[in-house]
Amino acid sequence: MGLKYREYLEGRRIYGCSKCRSHLTTGDRILSKGFRGNNGEAYLIHNVVNVSETGEEHESIMTTGRHKIIHISCVRCGSQLGWKYTEAHDEEQKYKEGKYILERNLIRIVK
Ligand SMILES: [Zn+2]
């Protein structure tokens with residue numbers, strides 16, 4: 001932690017880690033704000049930087065069906081931020097594969 005190269009984003013609205021403000025994503029990468037995380041509101045995001053995958057990929061049963069996910073955390077401070085969908089079981093949920101969930105209360109607008 002702290003030694004890894006961190007990416008800085010450009011854009012009109014930048015979201016960062018609520019704890020250390022490391023850049024994570026931009027407003028135009030958000031696909032939906034209507035998701036739910038473990039602690040309430042969450043965003044579905046096309047691409048996220050400065051995160052590392054933590055733990056093992058595992059199956060999660062959600063209201064939208066079975067998914068395989070892996071948790072993600074901030075590369076700088078190690079805070080848990082959400083997860084990445086690695087596989088969706090149902091055909092209509094396949095669009096989420098490779099996309100990220102960030103919990104709204106764990107991120108904040110830094111610019
Ligand atoms: Zn952080």
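1. How are the donor residues of the zinc ion spaced in sequence? They follow the pattern C-x2-C-x53-C-x2-C. The model discussed in this note is a predicted one.

2. The residues behind this pattern can be named individually. The zinc ion is coordinated through the SG atoms of Cys17, Cys20, Cys74 and Cys77, at 2.3 Å.

3. The geometry of the site deserves a separate remark. The arrangement is tetrahedral because the angles subtended by the four donor atoms around the zinc ion run from 100 to 116 degrees, and four donors are given that name if all angles lie between 85 and 135 degrees.

4. Are cysteine 74 and cysteine 77 buried, or partly exposed? Cysteine 74 counts as buried, because its relative accessibility is 2% and the limit for that class is under 20%. Cysteine 77, with a relative accessible area of 24%, is partly exposed.

5. Cysteine 74 also belongs to a strand, E6, which spans residues 65-74. Strand E6 pairs with strand E5 (residues 51-62) in the antiparallel sense, over nine bridges. Two residues lie between E5 and E6, and the two strands form a hairpin. Within this pairing, serine 60 stands opposite histidine 67 in E6.

6. The unreviewed entry carries the annotation "domain: Yippee" for residues 13-111. Over residues 13-111 the chain is 61% strand and 0% helix. The C-alpha atoms at the ends of this stretch are 6 Å apart.

7. How many aromatic pairs does the model contain? The count comes to two. One of them joins tyrosine 15 and tyrosine 43 in an edge-to-face pair, with 6.0 Å centre to centre and 90 degrees between the planes. This pair links distant parts of the chain: tyrosine 15 lies in strand E1 (residues 14-17) and tyrosine 43 in strand E4 (residues 40-45), 28 residues apart. Tyrosine 15 counts as buried because its relative accessibility is 2%, and tyrosine 43 counts as buried at 4%.

8. Tryptophan 83 and tyrosine 85 also form an aromatic pair. Their rings are 6.2 Å apart centre to centre, and with 85 degrees between the planes the pair is edge-to-face. Tryptophan 83 and tyrosine 85 are both buried.

Definitions and conventions
Residues are numbered from 1 along each chain as its sequence is written. This is a predicted model: local features need pLDDT of at least 70, side-chain atom pairs count only at pLDDT 80 or more; totals for chains, interfaces and linings use all residues. Side-chain values use heavy atoms; hydrogens and water are left out. Donors are N, O and S atoms within 2.8 Å of the metal (3.2 Å for Na, K and Ca); water is not among the atoms, so sites may look incomplete. Four donors count as tetrahedral if all angles lie between 85 and 135 degrees; four count as square planar and six as octahedral if opposite donors are over 155 degrees apart and all others between 65 and 115; anything else is irregular. Buried means under 20% relative accessible area, exposed over 50%, partly exposed in between (1.4 Å probe, protein chains only). Two strands pair if DSSP finds at least two bridges between them. Helices (H or I, at least four residues) and strands (E, at least two) are DSSP runs, numbered from the N terminus. UniProt positions are given in the numbering used here, feature names are shortened, and annotations may be inferred rather than shown by experiment. Rings of Phe, Tyr and Trp (its six-membered ring) pair if their centres lie within 6.5 Å; planes under 30 degrees apart count as stacked, over 60 as edge-to-face and the rest as tilted.
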